[in-house]
Amino acid sequence: MIKKLRLGVILVLCLAMFAGIAACGNGNGGDAPPPPPPPPADTPDDPPPPPPPADDPDSDVIVIEYYTYIAGTHGNAAIHAEMIDRFNALNEGVYRMDIIHIPQDDWDDFIKQRALIGELPTLVNHMHDVEWQMDFVAPNQLSYDLGPWLAENPHIKNLFLPVSVNFITQDDGRIPFLPKFVSNPVGLFYNSDVWTPSIPTRDMTWDQFVAEIGDDKLTFMTGENAWMTQLLFTAAIANSPGGVEWLNSHIGDRVTDYNHPAFIEGARKMQQLLMHNSIPETMLGATFAEAANSFYNNDTIMIFNGPWMFGSFREETGAENWGPDFHGRTVVADLFPGNFALELPAEIGLYWVAADAGDDQIRAALAYLEFFLSDDEMERHLIGSGGMSPGFTPGPGFWDKVAEDQILQHYMEALATNPTVVPRLDQITFDSIAQPDMPNLLPLLANGSMSPEEFAQALTDLAAEVVAAGGF
């Protein structure tokens, strides 16, 4: 930013200029100065000097360079951009956030590299690597302590899930990250045009679920982190004796021994479905987009994902991906058999603020967080993606808006049944096992060349290698 010259400096320059003129004028002993020489012939007059630059209207605006992966082709990019536009409009002339897209696959590494060189962005979006944030960011106080701000805003602090607040609060009382304010458990979606269960899937036992599926196909994938496949795998473990306890026992930890009866039984259940209810040519090595395409074309009856997928089933936001006979309005949201939903509530929320961002940047970031957690934005979030937010009381028209959206209403009704929530499998495994090791082994389980016991032992061996290397 070009700084304006101080008045004193201008006066000094003016005095110096006048003194120089006076000295030149007295240089001939006081005689009258000679007349100025005539201008050269045929020489045009010099152009007038350019006018002084006008003041920049944004010169006093505090701008946050907002690095985020929720942009570009991300499923929530448009909704996210609209929210940032609302913040900018509300704070015009004071604060502004400029979105800078970082691909989601590069996000964690981008933040880690910026941390190592001391150039963290002011506002950091949710990261997958919880351990790095808890074991590096928090103890090294790289993030701004939100505790005093939350103490001054109890209406905001009361929004957060207590289990999340307890998880991230440090021994000295610091709150280095924004806690979670809403629980958005993962469940399933089925296409009622091609499959209609006799009862809601959440009310079925596992055996009933398998029987009602029959020979129909489910949406599986083994590419990337095998997302949809490992979600149903988690539900299979939860539906096995001792499975809930085994999953919950690894919250805040990582599995090192997969030779547990619940995991092996879950692998047996999954092997049965992978063998009989998958489409091998669309499962093997498939990315999320490739696998989802089979659901959008009625090749599969069911897909496993979270409520952020709602937009894919709404005509105004998802119809361009639908096959000719697919209708998003006939998709039903439900939970896994046994009334299980998948999530890790003891987790870091969506944002944290860099401690060394500077007073102006931190003030702008806190203004954004206050906006983000305002009543209007909370309602927009819940209507857009559903979820449970025990600390928030919606306005009188909230449930009317929910009723206008069939898939949202299905999801909210399912959550109202008080499901058992367990962590996803990828949240309790080492990162390298979640991707790529387990996805690479799943085809061997699917074609029967690896038994559930061998599958469990192979993962145990891989976990031992990670431990030996001292990594995650």
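Buried means under 20% relative accessible area, exposed means over 50%, and partly exposed lies in between (1.4 Å probe, protein chains only). The structure above is a predicted model, in which local features need pLDDT of at least 70 and side-chain atom pairs count only at pLDDT 80 or more, while totals for chains, interfaces and linings use all residues. Residues are numbered from 1 along each chain as its sequence is written, and side-chain values use heavy atoms, with hydrogens and water left out.

Let us start with L441, which sits in helix α19 (residues 431-446); helices (H or I, at least four residues) and strands (E, at least two) are DSSP runs, numbered from the N terminus. L441 counts as buried because its relative accessibility is 13%. Beyond residues up to four places away in sequence, L441 touches M450, F455, A458, L459 and L462, where contact means heavy atoms within 4.5 Å.

A71 lies in the loop between β1 (62-68) and α2 (77-90). A71 is also buried, at a relative accessible area of 9%. Leaving aside neighbours within four places in sequence, A71 is in contact with A77, I99 and H101.

Here are two C-alpha pairs to check in your viewer:

| Pair | Separation in sequence | C-alpha to C-alpha distance |
|---|---|---|
| L441 and A458 | 17 residues | 8.5 Å |
| A71 and A81 | 10 residues | 7.5 Å |

**Helix α20**

What covers the buried residues of helix α20? The cover includes α9 (227-238), α11 (261-276) and α19. Those buried residues are P452, F455, A456, A458, L459, T460, A463 and V466. At 1.5 Å a residue, the 18 residues of α20 (residues 452-469) should span 26 Å, and the end C-alpha atoms are 26 Å apart, which agrees; the expected span is 1.5 Å times one less than the number of residues. After α20 comes G470, with a positive phi near 70 degrees.

**A sheet with a helix on it**

An open sheet of 3 strands runs in the order β5-β4-β6, with antiparallel pairing; two strands pair if DSSP finds at least two bridges between them. β5 (302-305) and β6 (331-334) stand at the edges with a single partner strand each, so one side of each has no neighbour in the sheet. Neighbouring strands are turned by 25 degrees against each other on average, direction ignored. Axes are lines fitted to C-alpha atoms, for helices over the stretch in contact, and angles run from 0 to 180 degrees between N-to-C directions.

Strand β4 (residues 187-191) pairs with β5 in the antiparallel sense over 4 bridges, and G187 stands opposite N305 in β5. Helix α18 (residues 406-415) packs on this sheet, touching β4 and β6, and its direction makes about 20 degrees with that of β6.
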